[in-house]
Every structure is written in C-alpha cells, then in structure tokens.
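Hi,

Here is the structure I promised to pass on. Have a look at it first, and my notes follow below.

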Amino acid sequence: MPTAAELPGSAEEPSSKAGDRPSPGGIPEATVARLPVYLRALYTLAERGVGTVASEELAVAAGVNSAKLRKDLSYLGSYGIRGVGYDVDYLVYQVSRALGLTQNWPVVIVGAGNLGRALANYGGFATRGFRIAAVLDTDQAMVGRELGSVVVRHVSELEAVVASQAIAIGVIAVPAGAAQAVCDRLVAARVTSILNFAPLVLTVPAGVDVRKVDLSIELQILAFHAQRRSAERFGQFADPAAAEA
C-alpha cells in the first residue's frame with residue numbers, strides 16, 4: 001500500500017517526551033510508530049525465507065539502532081534468544097497482534113479519482129489485515145464501475161455503507177474543498193479512524209484519530225536533503241542559511 005503507515009519515508013522521532021506517553025495498549029506512542037516499520041522489514045525477511053534474525057540485522061533493515069529495537073520489542077513480550085535471535089514468523093505475529101492486524105479491518109475509500117482507484121486496486125491490503133469494503137464517489141460516470149473487489153457506489157450512500165459494512169477505517173481521497181465535509185460525515189457515522197490524503201488539516205472531535213499523508217511535504221523534505229548533498233559535493237552551500245544549520 002501506499003500504506004499509512006507504510007506510505008512515504010520515515011518521520012524523525014519527536015524530540016519531546018510526548019512520544020514516550022503510553023498508548024491505550026500500554027506501549028509508548030513512539031514505539032507504536034516504529035512497529036509498522038519493523039513489520040515491513042520482517043515481511044521482507046519472511047519472503048526471502050529467513051527463519052531467524054538477529055536484532056542488529058533487523059535494526060539495520062528498519063533504520064534504528066539495535067538497543068532501541070530490543071526495547072521496543074520487549075513491550076510485546078518478545079526478547080529473542082541469545083545467540084539465535086528472533087523467530088521471524090512469530091515476531092510477525094506478535095507485531096501484527098499488537099497493531100491489531102490479526103483481524104480484517106473493513107475500510108471505505110471516499111474518492112474514486114486516480115489515487116482512490118490506485119488504493120482500491122492495490123492487492124497488498126488483504127495480507128496486511130485490511131479489506132476494502134467499499135469505494136464511494138460523486139461522479140455518476142464512476143458509480144457502478146468495478147474497482148478491485150468492489151463496485152463504486154454514490155457518496156450519498158456513505159452512512160448506509162458504514163453501518164452495513166461495519167466500517168472501521170475511512171480513507172479520504174477527495175479534493176481539499178470536499179475533505180472536511182466528508183470527514184464530518186464519517187465522524188457522524190461513528191468512524192473514528194481516518195486516513196487523510198487531502199492537502200488539508202482536518203478538524204475532528206476528541207476520540208477520532210486522523211493520520212495525514214502529504215506527498216508534497218515528503219518531496220519537499222527530500223529536496224532539502226538533495227540540496228544539502230549537492231552543495232556538500234561541490235564544497236559550497238548555495239544558501240548561506242543552510243551552511244549555518
């Protein structure tokens with residue numbers, strides 16, 4: 001997926017102590033944010049037929065230091081075996097269970113444009129604990145078309161779809177001008193987990209979790225690092241402010 005969590009690059013760990021606050025499951029939020037990264041690395045190892053992995057190897061694959069990884073995994077009750085490492089399949093199960101991925105979460109995608117279609121047609125969700133239960137759009141030309149395993153329905157059916165499919169997660173893939181209204185309807189229908197692709201900060205009540213994916217921001221961050229590398233390569237900084245950073 002271009003998956004929430006698995007969607008672009010890794011964010012820098014917050015410098016404040018906020019990341020040390022425990023989640024409702026008793027695991028620090030900073031650890032929760034790293035678990036999908038560990039899971040992605042573990043899936044890669046499993047696909048290669050690797051049965052056990054040392055903490056150092058898994059840490060390198062995940063881009064963290066091994067001490068942090070071992071501490072994170074200890075919250076799951078997984079300590080590995082000295083001289084052997086972690087059992088890959090069992091660790092996949094432990095991390096998946098902690099993230100709530102041992103069941104299939106029904107997801108509704110609102111917006112059947114290019115992004116919505118790409119998400120609906122992505123086959124990797126099913127093996128990661130998510131089921132695309134419905135895709136909604138306002139465009140009558142799209143309504144009735146098959147996307148992935150579902151048929152596009154009109155957005156006027158949003159509330160009925162949420163109720164009938166027991167939707168757990170809503171994905172907003174509509175233009176910015178329509179995003180807040182869609183979000184409000186999802187919240188009113190009692191969807192409390194939302195993934196937002198619209199270039200807009202959504203306003204939601206307490207108790208609703210929103211994850212925002214902004215590809216332009218990620219590209220801008222990459223451009224910053226590319227600029228620094230380019231300047232260092234030629235022994236100078238194009239921007240004096242960058243040289244002082």
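The side chains of R185 and E159 form a salt bridge at 2.8 Å, N to O (that is, a side-chain nitrogen of Lys or Arg within 4 Å of a carboxyl oxygen of Asp or Glu). R185 sits in helix α7 (residues 176–188) and E159 in helix α6 (residues 158–165), so the pair ties together parts that are 26 residues apart in sequence. Helices here are DSSP runs of H or I with at least four residues, strands are runs of E with at least two, and both are numbered from the N terminus. R185 counts as partly exposed at 27% relative accessibility, and E159 is partly exposed too, at 35%. For the cut-offs, buried is under 20% relative accessible area, exposed is over 50% and partly exposed is in between, with a 1.4 Å probe and protein chains only.

Before you go further: this is a predicted model, where local features need pLDDT of at least 70 and side-chain atom pairs count only at pLDDT 80 or more, while totals for chains, interfaces and linings use all residues. Residues are numbered from 1 along each chain as its sequence is written, and side-chain values use heavy atoms, with hydrogens and water left out.

The whole structure has five salt bridges. Another one of them joins R70 and E56 at 3.7 Å, N to O. R70 belongs to helix α3 (residues 66–74) and E56 to helix α2 (residues 55–62), so this pair links parts 14 residues apart in sequence. K212 and D214 also pair up, at 3.1 Å, N to O; K212 is partly exposed at 36%, whereas D214 is buried at 18%.

Back to α7: its 13 residues reach 19 Å from first C-alpha to last, close to the 18 Å expected at 1.5 Å a residue (1.5 Å times one less than the number of residues). A179, V182, C183, L186 and V187 are buried in α7. They cover an arc of only 135° around the axis, which puts them on the same side of α7; the arc is taken over directions from the helix axis to the C-beta atoms. These buried residues pack against β3, α6, β8 and β9 (193–196), with contact meaning heavy atoms within 4.5 Å. The face turned away from them carries the exposed G177 and A188. Just after α7, R190 has a positive phi of about 75°.

Helix α5 (residues 114–121) has G116, L119 and A120 buried. Their arc is within 100°, so they line one face of α5. They pack against β3 (105–110), β4 (130–137), β5 (146–147) and β8 (169–172).

Cheers
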